[in-house]
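Subject: Handover of a structure and notes on its contents

Dear colleague,

Please find below the structure that I am passing on to you. My notes follow it.

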Amino acid sequence: MSSPRGRRLTLVASVTGAVIVALDGTVLTVAQPRLQRDLNATFAQVQWTSTGYLIAVASLLVFAGRLGDRYGHRRVFALGMLGFGAASAGIGLAGGIGWVIGLRVAQGVFGALLQPATLGMLRAAYPPDRLGRPVAVRTGAIGLAAVAGPLVGGALTTHLGWRAVFFVNVAPALAMGLAALAVRVPSALAVRAPVAPRDTARPRLDLPGAALLAVALAGLVHTLVGIPETGWTVATALGLGCAVVAGGVFVWHERRTADPLVPPGVLRSGTAGPALGVLVAASAALFGALFLGTYYLQDVLALDPLDSGLRALPLAVMMVLGAPVAAMLTRRQGPRRTAVAGMVLVTAGVLLMSRLGRGSGAEAIGGCFLLLGAGFATVMVTATTVAVRDASVDTAGVAGGLQQTAMNIGPALGVAAATTLMSVAGRGDTTGRPPGDGPRWAADVFLSAMGPALTVLAAVAAAGVLPATRLPGRAAARRPEDQPVEELPDGPPRSEIASSA
């Protein structure tokens with residue numbers, strides 16, 4: 001098998017895994033009302049089909065990336081895809097809401113396995129200076145899934161029922177998982193280095209650290225997801241307290257263990273931390289603005305869900321079109337300038353959205369979403385490329401897990417912040433909770449609160465410019481260890497250094 005063919009197969013596998021996960025989340029949102037009626041479930045139970053999945057994913061991403069570093073990203077990806085497909089089939093056959101929730105949690109576990117592996121495999125197959133393009137293709141495919149998800153979900157649910165939404169994932173997940181096990185894709189442009197002893201090449205798994213981090217992230221996500229639904233309650237306060245305590249113990253443990261879950265070099269590299277900060281700031285501002293923008297379109301402008309989706313379509317279109325442009329700019333102008341420009345676009349989009357009112361036309365609304373899509377695509381491609389490319393070959397999975405964690409924490413943080421800000425900025429007789437779970441916003445009250453809330457979210461996006469300025473410049477030198485790796489049949493990825501005289 002030639003190296004170009006191997007890289008293409010790796011890119012197909014990575015894109016397929018990312019699209020299946022992205023599509024699963026968007027189509028489920030459309031199918032939830034029908035699922036609730038068919039299974040006689042409560043609103044809270046249906047919400048747990050999403051909350052349980054999100055908690056499982058967010059709490060295990062870093063550990064899953066470490067598993068890929070140790071045992072090989074291709075193997076972990078295959079396990080994740082096969083498990084994700086099997087769980088999807090189980091949900092489609094489930095006879096009660098309890099089974100659906102339990103299998104959604106299982107689906108989240110397998111989703112956590114495959115997501116960092118999609119980035120780890122790209123890091124193994126592509127030279128560092130050519131990693132931006134496959135990351136851009138992956139980002140554009142995720143944007144396309146965001147466009148197609150509601151349409152596919154609506155069509156399947158209307159004509160075949162909510163179970164078809166889950167069955168649609170089964171065939172591609174199982175096929176790609178089996179293919180990943182059967183086909184060995186060698187790395188390109190490299191020669192295998194001498195193999196280190198097995199006990200040296202495979203550091204011990206930090207199971208206590210993984211458990212502590214899982215508890216901390218689960219508590220944090222539970223709190224952030226609960227705030228938009230119930231506000232600050234005893235449960236959300238306990239979740240936040242648990243996250244703080246477990247997070248503190250995790251940091252203490254990582255500094256003292258011989259084989260930490262997050263190797264010190266990952267966050268001390270000078271690029272991973274700023275890249276993660278940019279992703280959290282951008283995703284928090286974007287998803288907080290989208291949360292408020294949805295209610296603006298439906299509660300203030302009285303648009304139906306389809307018309308609301310059409311008004312927001314420029315965002316998804318720019319995600320698809322802007323990703324390859326971002327890869328080109330990153331290569332020519334450097335990550336620093338590109339990420340700063342992306343954060344400026346996100347900030348401008350949120351600020352312009354804060355100025356929308358009753359009389360705003362389709363052009364003004366579409367312009368806001370266009371800026372948001374262009375900026376977020378730019379930031380996501382640039383920061384993801386830096387986070388994965390600049391990680392050492394033995395920690396690419398952890399870097400991918402951290403990137404995926406940031407992309408889960410940021411949106412939850414943005415929605416929670418938007419809800420809290422609306423409650424504070426609105427008058428006392430209103431609520432920021434969704435219309436289906438409480439009183440609807442009066443249009444004037446919503447507009448009076450939306451402006452200040454979006455202004456704060458724009459400030460969050462503007463704060464992301466600071467870590468963006470710490471990303472590498474155009475002429476940043478690469479470390480010698482930034483070489484492709486090969487996933488050998490009998491062990492984890494190992495460094496490959498091209499032989500020279």
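Which residues does L61 touch, not counting residues up to four places away in sequence? They are A112, Q115, P116, G401, Q404, T405 and N408, where contact means heavy atoms within 4.5 Å.

Before the details, a word on the basis of these notes. This is a predicted model, in which local features need pLDDT of at least 70 and side-chain atom pairs count only at pLDDT 80 or more, while totals for chains, interfaces and linings use all residues. Residues are numbered from 1 along each chain as its sequence is written, and side-chain values use heavy atoms, with hydrogens and water left out.

Overall composition

The protein has 18 helices and 2 strands; these are DSSP runs numbered from the N terminus, with helices being H or I of at least four residues and strands E of at least two. Of its 501 residues, 54% are buried. Here buried means under 20% relative accessible area, exposed over 50%, and partly exposed in between, for a 1.4 Å probe and protein chains only. The accessible surface comes to about 20200 Å², and carbon and sulfur atoms hold 67% of it; the areas come from the Shrake-Rupley method with a 1.4 Å probe, and for residues only the protein chains shown count as cover. Among contacts with a separation of 6 or more, 85% are between residues 24 or more positions apart.

L61 lies in helix 2 and counts as buried because its relative accessible area is 0%. Neighbours within four places in sequence aside, A112 is in contact with A56, V57, L60, L61 and A64.

The nonpolar cores

A nonpolar core is a set of buried Ala, Val, Leu, Ile, Met, Phe, Trp, Tyr and Cys residues joined through side-chain atoms within 4.5 Å. The largest has 77 residues, and within it Y296 and V350 touch the most other members. At least two residues of this core come from each of helix 2 (43-71), helix 8 (207-230), helix 11 (272-300), helix 13 (313-333), helix 14 (335-354), helix 15 (362-389), helix 16 (396-425) and helix 17 (443-463). Helix 11 provides the largest share, 16 residues. Apart from this core lies another, of 18 residues, including L39, I91, A145 and A164.

V350 is located in helix 14 and is buried, at 0% relative accessibility. Residues up to four places away in sequence aside, V350 touches A285, A289, L372, L454, L457 and A458. Between V350 and G451, which are 101 residues apart in sequence, the C-alpha distance is 9.8 Å.

The second largest pocket

On a 1 Å grid over the protein atoms alone, a cavity is a set of points where a 1.4 Å probe fits but cannot get out, whereas a pocket is an open set with protein on both sides within 12 Å along at least five of seven lines; lining residues have an atom within 4 Å of a point. The second largest pocket holds about 640 Å³ of space, the volume being the space filled by probe spheres set on grid points that are joined across faces, edges and corners. Its lining comprises 23 residues, and F250, V251, E254, V262 and L267 are the closest to its centre. Helix 8, helix 9, helix 10, helix 11 and helix 16 each supply at least two lining residues. By class, the lining has 17 nonpolar, 3 polar and 3 charged residues; Ala, Val, Leu, Ile, Met, Phe, Trp, Tyr, Cys and Pro count as nonpolar, Asp, Glu, Lys and Arg as charged, and the others, Gly among them, as polar.

Loop residues

P260 sits in the loop between helix 9 (234-254) and helix 10 (264-267) and is buried, at 11% relative accessibility. Sequence neighbours within four places aside, P260 is in contact with R66, D206 and E254.

N40, in the loop between helix 1 (3-38) and helix 2, has a positive phi near 55 degrees and is exposed, at 69% relative accessible area. A302, in the loop between helix 11 and helix 12 (305-311), has a positive phi near 60 degrees and is exposed at 62%.

Yours sincerely
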